[in-house]
Each structure stands twice: as structure tokens, then as C-alpha cells.
Amino acid sequence: MAEQIFHRRADERERRLVADSGWLWGKAPRQIAGNGPACVKAYLGPLPVGEAGYSFRTGVPPSHYRSFFGVKGAIWDEGATGVLDVPGLRGHVRIPVEVI
């Protein structure tokens, strides 16, 4: 089975940082005023044509899926297998990714 492809809407700066480092970072969701657990979020499938951002793969399975404003997404929660804390940056987590 092929690895799932995900995408993030982002500017060129973020795309380069993620591609160069091999890490996608996340923090607590804004909707919870930063008081929820840190997580990495992305949309399912490749980046739609005409959108700014990047597509990626990861060997870390999502903790769960949910809709973000009607578009299906994936979430990797803090503490889940393969989701790592960012050294020296409290409340941030990361997953290894390959930008494609």
C-alpha cells in the first residue's frame, strides 16, 4: 500500500523550511486559545492545483482525522507514537516528513 499524501497551505518560506529540515511542526490549536495539546495538522491528499503550499509524506500515522472547514484533515497529537517534542520549545511538536 502506498503511503498517504497530505498537504499544507503555506507560503514559500514554510515550504523551504520543511523541505530543508525534514520536519513539520505544530502547536496547540488557536481555537482552544493555546490551552489544548500540541499537534501537527494537514489536509488529506496532494496540494490542489493553483494553491500555495506543499505536499508531503510521513511514516507516522495520524492520531485521528477530522474536517477543517469542510475539508478532511489529519492530526498528529502530542504524545502519540512518532510525534516528537521540539527540543527547547515548549508546547510544540514535530513529525518527520518528505516534501514531494
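Begin by selecting strand β1 (residues 6–9) together with strand β3 (residues 39–44): in this predicted model, the two strands pair in the antiparallel sense over 2 bridges. Within this pair, histidine 7 stands opposite tyrosine 43 in β3.

Next, move to another sheet. Select β2, β8 and β7, which form an open sheet of 3 strands in that order, with antiparallel pairing. Because β2 (23–27) and β7 (84–85) stand at the edges with a single partner strand each, one side of each is left without a neighbour in the sheet. In general, strands of a sheet pair through backbone hydrogen bonds.

Finally, select arginine 94 itself, which is found in strand β8 (residues 92–96). Is this residue buried or exposed, and which side chain of opposite charge is nearest? Arginine 94 is buried, and the nearest side chain of opposite charge is that of aspartate 85, 8.5 Å away. Arginine 94 has no salt bridge. To view its surroundings, display the residues that arginine 94 touches, among them Trp23, Leu24, Trp25 and Val40. Its contacts also include Gly82, Val83, Leu84, Asp85, Val86 and Pro87.

Note on methods. Residues are numbered from 1 along each chain as its sequence is written. This is a predicted model: local features need pLDDT of at least 70, side-chain atom pairs count only at pLDDT 80 or more; totals for chains, interfaces and linings use all residues. Side-chain values use heavy atoms; hydrogens and water are left out. Helices (H or I, at least four residues) and strands (E, at least two) are DSSP runs, numbered from the N terminus. Buried means under 20% relative accessible area, exposed over 50%, partly exposed in between (1.4 Å probe, protein chains only). Lys and Arg count as positive and Asp and Glu as negative; His and the chain ends are not counted. A salt bridge is a side-chain nitrogen of Lys or Arg within 4 Å of a carboxyl oxygen of Asp or Glu. Contact means heavy atoms within 4.5 Å. Two strands pair if DSSP finds at least two bridges between them. Lists of a residue's contacts leave out its neighbours within four places in sequence.
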